[in-house]
Amino acid sequence: MPDRSLILGLETSCDETAAAVVAAERSEDGVRTRVLADVVATQHDLHETYRGVVPEIASRAHVERILPVVREAVAEAGLDLRAVDAVAVGHRPGLIGSLVVGVAAAKALAWALEVPFLGVDHVAAHLHSGLIEAEPCAFPALGLVLSGGHTSLFLMRSTRTIERLGGTIDDAIGEAFDKAATTLGLGYPGGPLLDRLARGGRDDAVAFPIPRLGRDEEGRPRLDFSFSGLKTALLYAVRGVPERSAGFPRAVDALDDARRADLAASFERAAVEQVLRILDLAIERKPAPTLLVGGGASANTRLRAELERFARRRSIDLRLPRMAWCVDNAAMIAAYAAHRLVAGERDPLSLAPSPHSALAEARP
Ligand code: KG4
Ligand code: ZN
C-alpha cells in the first residue's frame, strides 16, 4: 500500500444502504483514517409499518439505492471514481439477500477499476469504529460489540487477531432495547426512542433482574450476556402477569407517561449494569490498556456515560465511536479495510457473502 490510499467502502448488510470514502495513511504506530464522504440511505420508512426489517423489501431497496449512494459519496469526496485505490464491502454477517447486493456492486467496481477488493466482517468493523479519525490505540484491547444483531465481547491482540470471550445467549442488547420500546408503546426503531424516554424517568423505580450465567470449565463466571429475562420482566411490569386463558390483565395504554419513563429508565439501568458487570469480570481476567466499543446500542446515552465512568475507574483507554459511526455505516467498513490493506491482505472476486460473522465462533 502506498503511504496514502483512498478506500471506497460499501455497506448493505441490513436496512441501511451506505457508501463512504476514507483516506488511510500508514504511520509508524498504525493506520490513521480520515472520512472524506459518508453517505447513508436509511430504509426505516420502508420497514416502519412492519416494526422490523423485511428482508425482501430490504434487498430490493439496496438494488435501487446502491449506485446513487456510491455516486453521491464519490461526489461528496470531490473525487473521480478512478481515484479510488481499493473497494471494500461488508460481506458478513447480515441478511443474505442484502449482502449479495453490496458484494456484487463492490466486486464489479473493483474489477472495472482494476483495484484491490476486500470483504470486511461487519462485527470487526463495528469493533474498530472508535478508531476512525482517531490516534491508533495500544493492544491488547478488550472489544465489545453492542448492536441490533450482536452482543459479543472479544480480546483483540491486534486489529486482525481477535478472540471471542463471550456473547449473548439469547437476544442482542439492541434487539432488547427495540423490543422494550415496543412493549412500552414506542415507535420504530425503538432504541433511540427508549433512550429519550428513559432520560426523564427514575431508574430505581423497578428492580429488574440482572442474570448470572453460570461458570465455565475452569469454574470462573462466564463472560456471557442474556437479555430475554429482562425483556419478559418488563413485559409483565407493563401488562401484568398473564393469566392462562384471559391473557394480559392490562393494556399498554394503561400506563401514564411518568410510569412509562420510570420503566424505561429501570430497564436501561439493568441492561447497562449487566454489560458493566461483565466488563469488570473481563478486565480482571484479561487486563488490557484499551477498551473498544461499537455497534448501534453504543449510541445509548446511559451506556456511554457508564462506560466513561468505568474507563476512569479502571484507567483504561476507552474508544467510543462518534454517534454517526455507532449505527450501521460504510465509513467503518472502509476504515477497517485500511488495516487489512496495510497488512497486504486482499480478497478474491470469488469471495462469497455469509449470514454469519467469522468472529462468532472464535473462542480462545
Ligand atoms: O449496529 P446497528 O445499526 O445494526 C446492527 O448491526 O444490528 O444497531 C442497530 C441497533 C438497533 O437495535 C437500535 O435500536 C440500537 O442499535 N440503537 C440504540 C440507540 N441507537 C441505536 N439503542 C439504544 N439507545 C440508542 N440511542
Ligand atoms: Zn451493525
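What relative accessibility does Lys179 have, and as what does Lys179 count?

Modeller: Lys179 has a relative accessibility of 32% and counts as partly exposed, a class lying between buried (under 20% relative accessible area) and exposed (over 50%), with a 1.4 Å probe and protein chains only. This is a predicted model, in which local features need pLDDT of at least 70 and side-chain atom pairs count only at pLDDT 80 or more, while totals for chains, interfaces and linings use all residues. Residues are numbered from 1 along each chain as its sequence is written, chains are lettered from A and ligands numbered from 1 in the order in which they are written, and side-chain values use heavy atoms, with hydrogens and water left out.

Lys179 forms a salt bridge with Glu175, with 3.1 Å between the closest N and O atoms; the term requires a side-chain nitrogen of Lys or Arg within 4 Å of a carboxyl oxygen of Asp or Glu. Because the two residues are four apart in helix H5, about one helical turn separates Glu175 from Lys179, and Glu175 is also partly exposed, at 26%. An α-helix has 3.6 residues a turn, so residues three or four places apart point the same way. Helices here are DSSP runs (H or I) of at least four residues and strands are runs (E) of at least two, numbered from the N terminus.

The buried residues of H5 are Ile173, Gly174, Ala176, Phe177, Ala180, Ala181 and Thr183, and they pack against strands E6 (141-146) and E7 (151-156) and helices H6, H7 (228-239) and H8 (257-285).

As for H6, its axis and that of H5 come within 8 Å and cross at roughly 65°, H5 spanning residues 173-183 and H6 residues 190-198; the axes are lines fitted to C-alpha atoms over the stretch in contact, with angles from 0 to 180 degrees between N-to-C directions. The two helices are therefore roughly perpendicular to each other, a label for angles of 65 to 115 degrees. The contact (heavy atoms within 4.5 Å) involves Phe177, Asp178, Ala180 and Ala181 of H5, together with Gly190, Gly191 and Leu194 of H6. These contact residues comprise four nonpolar, two polar and one charged, Gly being counted among the polar ones.

Just after H5, Gly185 takes a positive phi of about 75°.

Conventions:
Angles under 35 degrees count as roughly parallel, over 145 as roughly antiparallel, 65 to 115 as roughly perpendicular and the rest as oblique.
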